Amino acid sequence: MKNSKDSFLKGRAKSLKYTFKGAYLLLKTEHSIMTQASVGVIFIVLGFYFKITKFEWMFQILGFGLILTAESLNTAVEKLCDFVHPDYHKKIGFVKDIASGAMTFAVISVLILLAIIYFPYL
């Protein structure tokens, strides 16, 4: 008889493997993710340079997490749309534009957040 706890743990381990694979593929293949991750590293360096507070670190990390998440979901929507309808289609373009618009909201929010954090240090 199979132990349900073992099965649950194996399922979670397998799920975690796919999660890290997806993150790796995004960082390796998507230029927008590479760029945003690089900007995140720059702000990590700036955070240490300006000795930002613990709360500022939390907001900064949350902000870049938001950007990377939004860009990852935008990329997934675009890839799916391109797979479903490889040629240009007005409705597919509309869906892709909306996904990209969500990314714009994330970026604007984080830019405001970074201005609030770093303006006092400049």
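Helices α3 and α4 pack at an angle of about 170 degrees, and their axes lie 9 Å apart. Axes here are lines fitted to C-alpha atoms, for helices over the stretch in contact, with angles running from 0 to 180 degrees between N-to-C directions. The angle makes α3 roughly antiparallel to α4 (a word for angles over 145 degrees). Their contact draws on 18 nonpolar, 4 polar and 5 charged residues. Ala, Val, Leu, Ile, Met, Phe, Trp, Tyr, Cys and Pro count as nonpolar; Asp, Glu, Lys and Arg count as charged; the others, Gly among them, are polar.

This is a predicted model, where local features need pLDDT of at least 70, side-chain atom pairs count only at pLDDT 80 or more, and totals for chains, interfaces and linings use all residues. Residues are numbered from 1 along each chain as its sequence is written, and side-chain values use heavy atoms, leaving out hydrogens and water. Helices are DSSP runs (H or I, at least four residues), numbered from the N terminus.

Now turn to the charged pairs. The structure holds 2 salt bridges, each a side-chain nitrogen of Lys or Arg within 4 Å of a carboxyl oxygen of Asp or Glu. One joins the side chains of Lys-96 and Asp-82, at 2.7 Å from N to O. Lys-96 lies in α4 (residues 90-118) and Asp-82 in α3, so the bridge ties together parts 14 residues apart in sequence. Asp-82 is partly exposed, with a relative accessible area of 37% (the class between buried, under 20%, and exposed, over 50%, with a 1.4 Å probe and protein chains only).

Lys-79 bridges to Glu-30, with the closest N and O atoms 3.2 Å apart. This pair links distant parts of the chain: Lys-79 is in α3, Glu-30 is in the loop between α1 (4-29) and α2, and 49 residues separate them. How exposed is each partner? Lys-79 counts as partly exposed, at 48% relative accessibility. Glu-30 counts as buried, at 16%.

A pocket is an open set of points on a 1 Å grid over the protein atoms alone, where a 1.4 Å probe fits, with protein on both sides within 12 Å along at least five of seven lines; lining residues have an atom within 4 Å of a point. Which helices supply the lining? α2 (31-50) and α3 (54-84) each supply at least two residues. α3 gives the most, with 6. Among the lining residues are Val-41, Ile-44, Trp-57 and Phe-64. By class, the lining has 7 nonpolar, 4 polar and no charged residues.

Technical notes: Angles under 35 degrees count as roughly parallel, over 145 as roughly antiparallel, 65 to 115 as roughly perpendicular and the rest as oblique.
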